[in-house]
Amino acid sequence: MVEPSDGELVGRAHRGSRDAAAMLFERHWAGAWRLARTVSGRRDMADDIVQDAFERAFAALGRFDQSRPFAPWLHRIVINRALDLLRSERRLVGLDVAAHPSSEWRDVSADDRALLEAVATLTPQRRVVIVLRYGLGYSPAEIARMLELPTGTVNSRLARALDDLRERERERERDAERT
Amino acid sequence: MTFGNGNGNGSAMPSELERRLERALNDVPVEASSDAHDRARAAALTAAVAPAPGRWSQWRVVIVAAVTMVLVTTGVTLAASGERPFSDTATLTRPPQPAQLHTGLLPRAARAFSILAGGRAWVAVPHRVLLHGAPRSAIAVSPGAVYLLEAGGRRLRAVAVDTGRVVQTQRTGGPVTTAVWSPFPIRIAYLTEVGGHQQLHDEWGTLSHDYLVDRHVAAVAPSWRWDSLAVAYVRADGRVAVHSASSGRNTVIPPNCGLRHPTALAFAPTSGLLAIADRTRLRIVDTTGGAPDVCAAHSPGAPSIAWVRPRQLFVAAGTTLLRYLVLRPGLGTDTTTVPARITGLTTSPDGRRIALALTSGGSTRVVAASAPPFSEQATPLHVLQLLLPARPAAGPVTLSWQ
């Protein structure tokens, strides 16, 4: 049996099929959660980001161009929600908050954890392109279309982000040698 | 990996780094909280099948300035026409009349909506208005809108919403001032005034097995925890306590954050987080997990609290609607200002919309609005529906949305 495409599911969901909407949700929820988690750097924030993103996306299915892929559209909404929430941190009240999102990575190797923590220290703009490129496999051109940026800007951000990560790696190695 | 690193340092590191990034990012475990998937799924499916506000009634969605002008005009028109401010024609002593539609009282897609303002009650369900300005001291619609609990004098009674039949009546020790159903509609907490003091009672949803929890409490609506096993309340001395419905024990929460005489409290929808507010400050206490308290200030005024997500809540006070995001650690916030004093606040079950009672010049109106998105930018309040036109009421307004 051939699985229906995202476009078919979008069309059926928009016509009122709850089953199609549910199938579309199940197909994309985990990926969207990982994206929200890695872009925001916060596990507790990811739940709300993904819920908001799915609500917005599903409420706007009628405006979605079914000839285009669904995932990049959803992922863009997830990223926008995550960045909105991260920007709101500038106006934090109450307790002090760390300059960078806390990682709290669980169930990952020590090496991966160090790398993910380094990714979490990148600026949000650089973190987004890193996650889209290496976590979701989008090409720079696809990322450029998704974020409405010139491809050169995406390549530049990727290069700088990789430079930043290499610098973090060197710092970590120096720290390890000292201890 | 075809993406070339642009730094030109000739190191083999980038390709190795890229491979490691691919592996690490692809192996990120999904560590969502236990209910996050189901909650998001339910919200998404609701959004998918519900018509979007923009398609449904774009003409109603206007920015607050324009709406304010309309509302003010409405109020002026009503006042000038000399319309009777209240109507008591619909009561629950006989079945409600299906033909009597007041669709303005019911927000779109709501199962029930109730307003208690100035000792008058309005209750609407789809296709029916159960109460329209009827004198009541307390009302509460049960989760699922199966029963309406209403209080008048020393009598509390439960009415079947679909038939209007009175299914149970209870005599109380004094006038009932507040009644609250638990999230699973098996218990009721209510306040009654006896000998000049407010008393808190906990009883079964059948209006039986009445238990006196505390003889001296403040006149603040209690709040049930999500599991219906505990209810938080404010004691007469201003301290907040949590009553366990299973053990019968009352646990006092030690004071913190400089709060004095809280006037509002509300449990989060799926956890033991309890928001407590007095006229200037907000405190969020983890009553079950032991996480550190979160303290914040809010705009001066009598506060109303409404949670819209497990870690997001609104606090309305004065003319300001503050939205808080509970982080670990810290608290994010944004602000929406409205041109009237907010005297009541509630949220739709999915957290996407809110209802506000807005009071100015001694009159109160109730509107439904979309919940402002959490954003750094100032977001105008999008009013979707005028639920109750201007009425002469100046005190706090109790709103409930099922």
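The dialogue below works through two chains of a predicted model.

Student: What makes up chain A, helices or strands?
Tutor: Chain A has eight helices and zero strands. Along the sequence the pattern reads α-α-α-α-α-α-α-α.

Student: How much of chain A counts as buried?
Tutor: Of its 179 residues, 45% count as buried. To be buried, a residue needs 20 or more other C-beta atoms within 10 Å of its own.

Student: What share of the contacts in chain A joins residues at least 24 apart?
Tutor: The share is 60%, taken among contacts between residues at least 6 apart in sequence.

Student: Why are H6(A) and H8(A) called roughly perpendicular?
Tutor: Start with the angle. The axes of H6(A), residues 124-135, and H8(A), residues 151-178, cross at roughly 95°. Angles of 65 to 115 degrees count as roughly perpendicular. The crossing falls in that range, so H6(A) and H8(A) are roughly perpendicular to each other. Their axes come within 9 Å.

Student: Which residues meet where H6(A) and H8(A) touch?
Tutor: From H6(A) come Gln125(A), Arg126(A), Val129(A), Ile130(A) and Arg133(A). From H8(A) come Val154(A), Arg157(A), Leu158(A), Arg160(A), Ala161(A) and Asp164(A). By class, this contact has five nonpolar, one polar and five charged residues.

Student: Which residues of H7(A) are buried?
Tutor: In H7(A), residues 140-147, they are Pro140(A), Ile143(A), Met146(A) and Leu147(A).

Student: Why do the buried residues of H7(A) line one face of the helix?
Tutor: Look down the axis of H7(A). The buried residues fall within an arc of 120°, so they line one face. An α-helix has 3.6 residues a turn, so residues three or four places apart point the same way.

Student: What follows H7(A)?
Tutor: Glu148(A) does, and its phi is positive, near 55°.

Student: Now chain B. How many helices and strands are there?
Tutor: Chain B has four helices and 28 strands. Buried residues make up 47% of its 402 residues. Among its contacts with a separation of 6 or more, 44% join residues 24 or more positions apart.

Student: What is the strand order in the sheet that holds E24(B)?
Tutor: The order is E24-E25-E26-E27, in an open sheet of four strands with antiparallel pairing.

Student: Why are E24(B) and E27(B) called edge strands?
Tutor: Count partners. E24(B), residues 341-347, and E27(B), residues 383-391, each have a single partner strand, so one side of each is left without a neighbour in the sheet. Neighbouring strands here are turned by 15° against each other on average, direction ignored.

Student: How do you know that E24(B) and E25(B) pair?
Tutor: The cut-off is at least two bridges. Six bridges join E24(B) to E25(B), residues 353-360, and the two run antiparallel. Among the facing residues, Leu345(B) stands opposite Leu356(B), and Thr346(B) has Ala355(B) as its bridge partner.

Student: What makes E24(B) mostly covered?
Tutor: Six of its seven residues are buried.

Student: Where does the hairpin of E24(B) and E25(B) show a positive phi?
Tutor: At Gly351(B), with phi near 75°. Five residues lie between the strands of this hairpin.

Student: Why is Ala145(B) called buried?
Tutor: The cut-off is 20 or more other C-beta atoms within 10 Å. Ala145(B) has 20, so it is buried. Ala145(B) sits in the loop between E4(B) and E5(B). Its phi is positive, about 55°, although it is not a glycine.

Student: Is Leu207(B) buried or exposed?
Tutor: Buried, with 20 C-beta neighbours inside 10 Å. Leu207(B) lies in the loop between E10(B) and E11(B). Leu207(B) is not a glycine, yet its phi is positive, about 60°.

Student: What makes E20(B) and E23(B) edge strands?
Tutor: Their sheet is open, with four antiparallel strands in the order E20-E21-E22-E23. E20(B), residues 304-309, and E23(B), residues 331-337, each have a single partner strand, so one side of each lacks a neighbour in the sheet. Neighbouring strands of this sheet are turned by 20° on average, direction ignored.

Student: How do you know that E21(B) and E22(B) pair?
Tutor: At least two bridges are needed. E21(B), residues 312-317, and E22(B), residues 320-326, share six bridges in the antiparallel sense. They pass, so they pair. One of the bridges links Ala317(B) with Thr320(B).

Conventions. Residues numbered from 1 in each chain as written. Chains lettered and ligands numbered in written order. Predicted model: local features only at pLDDT ≥ 70, side-chain atom pairs only at ≥ 80, totals over all residues. Buried ≥ 20, exposed ≤ 12 C-beta atoms within 10 Å, placed from the backbone. Arc of directions from axis to C-beta. Contact = placed C-beta atoms within 7 Å. Axes fitted to C-alpha atoms, helices over the stretch in contact; angles between N-to-C directions. Parallel < 35°, antiparallel > 145°, perpendicular 65-115°, else oblique. Nonpolar A, V, L, I, M, F, W, Y, C, P; charged D, E, K, R; others polar.
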